[in-house]
Amino acid sequence: MDLRLTDDQRLLQRTAREFVEQHVKPYVREWELKGAVPDTVYRKMGELGFLGAPIPEDLGGSGLDAVSYAILTEELAKGCSSLRTSLSVNASLFGTTLNKFGSEEQKEKWLRPTASGKKLGAWALTEAQSGSDAAAMKTRATRKGKDYILNGSKMWISNGAKADFVVVYASTDPKKRHEGISCFVAEKGTKGFKPGVVETTNKLGLRSSPTAELVFEDCHLPEANRVGKEGQGWEIAMHVLNHGRLSVAAGAVGIAQAAFEAATDYAKKRMAFDRPIGAFQLVKAKLADMATQVEAGRLLVWNGALMKERFERGDATYDEWGLAVSKAKLFTAEMCVKVAEEAIQIHGANGYTNEYPVERYWRDAKICGIYEGTNEIQRLIIARHVLGKEFSAT
Ligand SMILES: Cc1cc2nc3c(=O)[nH]c(=O)nc-3n(C[C@H](O)[C@H](O)[C@H](O)COP(=O)(O)OP(=O)(O)OC[C@H]3O[C@@H](n4cnc5c(N)ncnc54)[C@H](O)[C@@H]3O)c2cc1C
């Protein structure tokens, strides 16, 4: 096993760092206050091939391997977690749904434009009353001739206010619960489908992410908009979440790395008792622990990425891949909050203001343990592997 990056991976890392230094870091505070990232930034990300990074090249993406994609995601999160979320949702959740389960026509129609960054995708599973227990969804898709009629609403949908296309899950047979869920694509502008409440600056973090409610009122979608078979939605969602969760974990490493770098820099410059605070053993210990935690998180992410490659080669099981992803997500989601909190501590009062980025890192870190499966849900998944399915209570 060799953990050194390849020449291509180093080039990608450098390109992503330059993009973040030039086009993201100088503006991120302004975006947060406004609650939006300008369209020009999304366009630039599209031109660089970031928005379709893990999607095959023949479908408009960049065809990155899973470790390279994790490297890119980490770098973007160092600059702006809202932007990283948009990328992950577009590529890992929306893109993978179509790449793995879409027909050739669906890939041409919806995957190619989103992978090349010309359009943006969103992915809608959660509802106001059903998050962890997503199979309890109330959104219904009722057959009428060759159409489905969707009624219901989705909540907390990243990219929701901005997306051109949305993967949406609805129940076609409520009695069957998980087995009664189907997956569809809805296009912006379709009659009966519109964004509802938009959540931006009122959120703890991810303030420039266009999170929105999506409302479906007698929205007719043709059968051609169903992805996979009727009743296959749950299987699709769980498969796709393995991709999404790993990119959340890589993003968490990015936040932690940024917080660690800011704290290290500050500890070298801030004077107390006639010396830089980095000279005090208690501050040194914090930085040493932070460095170790970030590295441990990154290795878990790369392990999850390698497991994905192995799964796709038929060299690891679906469960082994899922377990590696859940461990990476759980560890990094908790780790990035701790590391960001220590970074605030090292900054003292300055860390408590938005003049310094560490308070934003901490606010942005918190969501990593909530979306795409909370920390508790990841623990349940890991415990199911440890104890066996007969110990599962859900
Ligand atoms: C900014 C943001 C962006 C989001 N983006 C998207 C998106 O793009 N698409 C999408 O579909 N969703 C999205 N979500 C929704 C997110 O995935 C859900 O919020 C998440 O799954 C948790 O669901 P919930 O909020 O309903 O919490 P609940 O499920 O109500 O959970 C509340 C608490 O109970 C715990 N809990 C629940 N069940 C159990 C159990 N069996 N055992 C132990 N503890 C349990 C949870 O861990 C949590 O601590 C987003 C949310 C936010 C805040």
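Which of the 22 residues around the ligand come nearest?

Reply: Quick caveat: this is a predicted model, where local features need pLDDT of at least 70, side-chain atom pairs count only at pLDDT 80 or more, and totals for chains, interfaces and linings use all residues. Numbering runs from 1 along each chain as its sequence is written.

Now the ligand. Thr126, Gly131, Ser132, Thr374 and Glu376 come nearest, out of 22 residues around the ligand (a residue is near if its C-beta atom, placed from the backbone, lies within 6 Å). H11 gives the most, with 3 residues. Sorted by class, the shell has 12 nonpolar, 7 polar and 3 charged residues (nonpolar is Ala, Val, Leu, Ile, Met, Phe, Trp, Tyr, Cys and Pro; charged is Asp, Glu, Lys and Arg; the others, Gly among them, are polar).

Zooming out, domain 2 (122–227) and domain 3 (233–391) each supply at least three residues to the ligand shell. The domain assignment, automatic or from a database, also gives domain 1 (7–120). Domain 1 puts 22 residues into its contact with domain 2, which answers with 20 (contact means C-beta atoms, placed from the backbone, within 7 Å). On the domain 1 side, helices H2 (28–34), H5 (81–101) and H6 (104–115) each give two or more residues, and H5 has the largest share, 11 residues. That side divides into 10 nonpolar, 10 polar and 2 charged residues.

One more thing to look at is a helix pair. The axes of H7 (residues 233–269) and H8 (residues 281–313) come within 9 Å and cross at roughly 160 degrees, so H7 and H8 are roughly antiparallel (angles over 145 degrees count as that). Axes here are lines fitted to C-alpha atoms over the stretch in contact, with angles from 0 to 180 degrees between N-to-C directions. H7's contact residues include Leu246, Val253, Phe260 and Ala267, while H8's include Val283, Met290, Val294 and Val301. Gln257 of H7 takes part too, as do Gln293, Arg298 and Lys308 of H8. By class, the contact of H7 with H8 comes to 16 nonpolar, 5 polar and 2 charged residues.

Definitions and conventions. Helix = DSSP H or I, 4+ residues; strand = E, 2+ residues; numbered from the N terminus. Contact = placed C-beta atoms within 7 Å. Parallel < 35°, antiparallel > 145°, perpendicular 65-115°, else oblique.
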